[in-house]
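Dear colleague,

Please find below the structure that I am handing over to you. My findings follow it, and I would be grateful if you read them with the coordinates open.

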Amino acid sequence: MEMLLNDFSLGLFIMQSIILLVLILLMRKFAWKPILDALQSREEGIQDALDAAENAKLEMQNLNADNEKLLKEARAEREAMLKEAREMKDQIVATAKEEAQEQANKMVAQAKETITSEKNAAMAELKSTVSGLAIEIAEKVVKQELSDKSKQLELVEKSLAEVTLN
Amino acid sequence: MMIAKNSIKLVTTLLIALFSVATFAQHGDNHEEEAHDTHSTVGNPIDTKEEIKAYSEHHLKDSHDFIFYTDAATGEHKGFSLPVIVWTSKGLKTFMSSAFHHNDDGHVIVDKDGVKLTKIHSKIYELDANATEVTFDDKHHATNAHKVLDFSITKTVVGMLLASFLLLLGFTSLARGYKKGAIPTGFARVLEPLVIYVRDDIARPNIGEKKYRKYMGFLLTVFFFIWILNLLGLTPLGFNVTGNIAVTVCLALFTFFIVQFSGNKDYWQHIFWMPGVPVLMKIALIPIEVLGMLTKPFSLLIRLFANITAGHAVVMGLIAVAYTAKQSLGIAGGFGVSFFLTLFISLIEILVAFLQAFIFTMLSSLFIGMAVAEHDEH
């Protein structure tokens, strides 16, 4: 311990203090501050870049999810549209069928009506023609018969035979 | 989890601290043995145990000139002298250390404008006004001279200036590199992870995310300063800066003052009026806590000093094996053993150089963290 104290030089201590103090100040100003600042800004830069990459990845994922969603929606929409179209088609077909049926029914009815009226007219005409013909024949017969007495009697006889009383 | 991690760190640190003190103590014993067992052979090269011990001790001390090599045969020193700046009774005196002619035991007296100065064991002494020669008492203490305030550019100061220069050079270039681009190139690539290491593994976990930034200047500077000086100490230049008690005292005092000045209300309350204990206990705890306040930086300064000094002493001792074991192992054997042992210890010392810088910074940030921590209500 005595040797230690004997070795201690106050002058050297003072020199060392001055050198160390000046060194610390110089190093702080010209070395450590710029170095640490540069390191910090570099580290922050790296961190920012990493964060940005992470964000981009997340955004990408979101975008993908969005795309997926859109695709799904589109598919669903298409599906719905197709379904709607099919329904509409069925409906249209059904309506058309119904209308056609109605139309047909109507036409048939009309045709029936026309047929009936035509038939009636034909009947009427036939009736009048037949009756005219009958009268004519009757006239002719009467004219002939009246000229021959025996014939008249024969005719009466014949007619009478035809008309069987029942 | 965080607490567990911290406590593991603390335990490791304590173990390292204990281990290092143990090494130091052991080394002290070796020294004593060496001192008891002395050879009487006196040769020109440094090869006796006493000479080696003196050489080793001399190396561990600060010196006023920078000697790379001494030619023992001619007594010529290869190196250069450094400026001596001393505050004497007659004001500031400056001259080159060559004026002492490498004399270190007070025989060469430099008369500088009426102030008689001499150097004894790497310390500059001023002789009393009427003395012409230093006289020593039986404990080899000078009786008619006193130490002066020595601001010399000693070897230690040169080391610190060199380390400061290297720090400024390296890290300002790193800082400039960021202006060109966010990714450093070249040597800056080595420095950047170290800065990040100090920030993320030392400062942030101990001080806390919100407050660490303020202390980064001190922590980074101290970490690299200690580390570079520790490594410089392993080079053949022979620096022993962080193994100098004045240097470690200064470093630890910086930590001490930073801790005290950044201490918040909770910190002072825990020292002077511990919450949650009875009043008598509170009073009993004050001296203990105040002592704790002082022992923290003290442990810092002793740990660093002891580790580095021990490392240097061990390396010097192992190099000396080459000379002391010459007779028993032969020249080749002695050099071989010395080489491999020194290589092994040097590798460990490289680890210790980093470890001590790390521990000093780590504990400093831990103490700062304790001072700025926001305590929850107990």
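In which helix of chain B does Thr156(B) lie? The model is a predicted one, and in it Thr156(B) belongs to helix α3 of chain B. Thr156(B) has 25 other C-beta atoms within 10 Å, and because the cut-off for a buried residue is 20 or more, Thr156(B) counts as buried. Leaving aside residues up to four places away in sequence, Thr156(B) touches Asp62(B), Val241(B), Asn244(B) and Val247(B), as well as Leu12(A) of the partner chain. Phe344(B), by comparison, is 188 residues from Thr156(B) in sequence and 26 Å from it in space, C-alpha to C-alpha.

The contact between the chains

Chain B contributes 35 residues to the contact, and chain A contributes 28 residues. On the side of chain B that touches chain A, two or more residues come from each of β9 (149-150), α3 (155-180), α4 (188-207), α5 and α6 (245-262). Of these, α3(B) gives the most, with twelve residues.

The core of chain B

The largest nonpolar core holds 81 residues, and the members that touch the most others are Tyr215(B), Leu219(B), Phe223(B), Phe225(B), Ile226(B) and Phe360(B). Helix α5 of chain B (residues 212-234) gives the most to this core, namely 15 residues. At least three residues of the core come from each of domain 1 (2-16 + 156-372) and domain 2 (27-152) of chain B. Phe360(B) has contacts with Val222(B), Ile226(B), Leu251(B), Leu300(B) and Leu304(B), again without residues up to four places away in sequence.

Chain A

Chain A has three helices and zero strands, in the order α-α-α along the sequence. Its C-alpha trace spans about 200 × 30 × 10 Å along the principal axes. The radius of gyration of chain A is 65 Å, whereas a compact globule of 166 residues would have one near 15 Å. Of the 166 residues in chain A, 7% are buried.

As to confidence, chain A has a mean pLDDT of 88, with 96% of its residues at 70 or more. Within chain A, helix α2 (residues 10-145) has the highest confidence, at a mean of 91, and helix α1 (residues 2-7) the lowest, at 71.

With kind regards

Conventions: Residues numbered from 1 in each chain as written. Chains lettered and ligands numbered in written order. Predicted model: local features only at pLDDT ≥ 70, side-chain atom pairs only at ≥ 80, totals over all residues. Core = buried A, V, L, I, M, F, W, Y, C linked by C-beta atoms within 7 Å. Buried ≥ 20, exposed ≤ 12 C-beta atoms within 10 Å, placed from the backbone. Helix = DSSP H or I, 4+ residues; strand = E, 2+ residues; numbered from the N terminus. Domains from an automatic or database assignment. Contact = placed C-beta atoms within 7 Å. pLDDT = per-residue confidence, 0-100. Rg over C-alpha atoms; globule rule 2.2 N^0.38 Å.
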